[in-house]
Amino acid sequence: MGLFEKQFEDNVLTTNVDWLLNWCRLSSIWPMTFGLACCAIEMMAVGCAHHDIDRFGAGAFRASPRQADLMIVAGTVNFKMAERIKRLYDQMPSPKYAIAMGACATGGGPYYKYGYTVVKGVDRVVPVDVYIAGCPPRPEALLEGLMKLQEKIQASSVIRKPIHTV
Amino acid sequence: MSTTKTYEPSISRTEGRPLAGGEREYMIDVRTQDMEVNMGPQHPATHGVMRVLVRADGELITGAQPHLGYLHRCAEKIGESVEWLQYLPYTDRYDYLAAMNNNLGYSMAVEKLMGIEIPRRAMMLRTLCAELNRIGSHLIAIGTYGLDIGAFTPFLYMFREREWMMALFEKICGARLTYSYIRIGGVFNDAPPGWLSEVEAFCDTFEVKWREYYDLLIQNHIFVKRTADIGVITREMALDFGLTGPMLRGSAIDWDLRRDTPYELYDEICKDKAFEIPLASGEKGTLGDCWDRAWVRAMEMMESIKIVRWCLDKIEPGPVIGDIPKTLRIPPGEAYVGIENPRGELGHYVVSDGGKIAVRCRVRGPSFVNLAVLEELMPGALLADTIAIIGSTDIVVGETDR
Amino acid sequence: MNFQGIYDRIRSIQAPGVTGMDEPREPNPQDKKDKGRSGDPYVLVDPQRLPEFLECLRDDPSLKFELMADLTATDPSKEDGYLWINVQLLSLVRKHRLAVKCLLPKENAVMPSSVSVHRGAQWAERECSEMYGITFEGHPDPRNILLPEDWIGHPLRKDYEFPEEYHGISCK
Ligand code: SF4
């Protein structure tokens, strides 16, 4: 910290802008209420008192995609719904993230073989950041997935050019 | 998003909207314009992914058209493609709020074809779990109904009890939501030591908490104002549309499959008069309105507790599953079994040709049938009441679309 | 009433369209191939007269099947030339049930709609017609209900082939 060392009062922190912006982003991920099927019930359970997703700053479930940062695709996606998911995802402002919750959203799950209308994974429609296994995943697993997403956000850089694109 | 059908508004502006007490409200002084409001498929209040196309004249709804199929998961095709026992986990997934009841319905249909007897302890555990699951399902039904029309807190309270109930299920079968606990021929395993006394503790606590919910939500003045006199289902309508479950009892039609076509242990339970069937009486408004249906669900939870207590009282040690081979060959034939699911009559129609795989595995989802009444209920209501009406039908989209 | 009683009554009021009935039976011990039949008894009805039949049973004072629990179809096998129409009736007053079955030829799967008798049949018939390709004449709203409007094929037919892709999304 060379230049700034021992220059300020006790309650002043120094950091870099990237870290600060990432910290802001990851501590207030607002998910969109997007319950599709059985997994949505576990998502509701995460939102409630026992598991309390609010501890991670992601408790403000928004009904409108325009106010949301994160799309938790909780459940089975079928062809009729796929186009709507695409549209909703496009409506979300950047930076936006998507979590595929459960076996169905990850890869068709139990409906892989005989489900003629089931999309075999939501990643065929929208890009996915974190996949969560389980049918349905336990609420703890969703929290784990959220923390993984936060790690991912923390590792990204907003101001600096990422090295690999130079 | 276009519709192919144009429907005639069944309420005209000059006719007005019927109010309680035979009066009518006219909207001739306000100049309004027909508009179509599209609700869903992503809408927090439709309990999943359902789309309702509402046609409104100002605030007045003149027509509504539900569009389903956003969660069609081919359950019936899968039933014809996998072996009998393999299909059991899929039954969990169409009505995911009451998975135990679905397991029970499917197992009973297959058992009817096989013509086998179930050990008594297994029947006890089945009844017990199905009733506990009914409580869990109604908790969500009422909780989300409150949430839909603006009461957030009861939802959190109800999930607290539901978490406890899920923990109980987790102890007995290892899953929180999709149990596959009730198997063809019995149940998966015996209750772990101490489980029954935990259920008893749950019942004791729940009875106290139930009172709280009842006063906090069901009797709440705002709740009553939002739901009474709205979405009235008459007796004829209920029969014509084939409604079942709380929708039927909300219109004071005395019908419950548990009592009237008893299955499993319910005839014994009825003989002991261990439970009653709550019937709505139009206490807060018109008979058959949304409040009546919510009230029926609330009262049913207490009746379920009574049945659970009866089971806890009478349960005896014994085997929990018969001698069932891994690969079932079901004798040829066809059977229909309807059981009382939290939402109504859950029917399974299975056809076998004597092989390892079913020929037909039809699921009669109560939500699917109950939802059809929406087209009839909506015209004449106000736009803000759509949510109250949809919520009171208590649908699970997994089951309407299967 | 049990099934025999219901069937006798149907015979005595001469309900339209009844062609027969079938009951479960034990396997014939002489014949090794015969496995018998288990499950529920049912009444066989001519599909073209199903609405009249349902109406007659609904209005008969001692049968009173006022609630149609279910209407569905079955494709028994690829080779079979007939589809089954299965109707489950329920009487709340008399507390009995009845299974009704119709045989509908596959080449010409057209039958009258029962919506005028039980409005609950409306969605069930829509589902049947998209899944099996049955046309219900006189149905007020014959659109697909679960499948998208432009879906090709009837998924619950036994000869259905799974699609390769739909609107650019691969199905494999
Ligand atoms: S992963 Fe399992 S629990 Fe989740 S939506 Fe799919 S079937 Fe339901």
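**Exercise 1. Describe the contact between Asp256(B) and Arg249(B).**

Solution. The side chains of Asp256(B) and Arg249(B) form a salt bridge with an N to O distance of 3.4 Å. The term requires a side-chain nitrogen of Lys or Arg within 4 Å of a carboxyl oxygen of Asp or Glu. Next, take the accessibility: Asp256(B) and Arg249(B) are both buried. Buried stands for under 20% relative accessible area, exposed for over 50%, and partly exposed for what lies in between (1.4 Å probe, protein chains only).

The model is predicted, local features need pLDDT of at least 70, side-chain atom pairs count only at pLDDT 80 or more, and totals for chains, interfaces and linings use all residues. Residues are numbered from 1 along each chain as its sequence is written, chains are lettered from A and ligands numbered from 1 in the order in which they are written, and side-chain values use heavy atoms, without hydrogens and water.

**Exercise 2. Find which parts of chain B the pair Arg126(B) and Glu111(B) ties together.**

Solution. Start with the distance: the closest N and O atoms of this salt bridge are 2.6 Å apart. Then place the partners: Arg126(B) belongs to helix α4 (residues 120-148) and Glu111(B) to helix α3 (residues 99-114), so the pair joins parts 15 residues apart in sequence. Helices are DSSP runs (H or I, at least four residues), as are strands (E, at least two), numbered from the N terminus. Finally, check the cover: Arg126(B) is buried at 0% relative accessible area, and Glu111(B) is buried at 5%.

**Exercise 3. State whether Arg138(A) and Glu140(A) are buried or partly exposed.**

Solution. The two side chains meet in a salt bridge at 3.3 Å, N to O. Arg138(A) has a relative accessible area of 33% and is therefore partly exposed. Glu140(A), at 37%, also counts as partly exposed.

**Exercise 4. Summarise the fold of chain C.**

Solution. Count the elements: three helices and 10 strands. Their order from the N terminus is α-β-β-β-α-β-β-β-β-α-β-β-β. The C-alpha trace spans about 55 × 45 × 25 Å along its principal axes. Of the 172 residues in chain C, 53% are buried.
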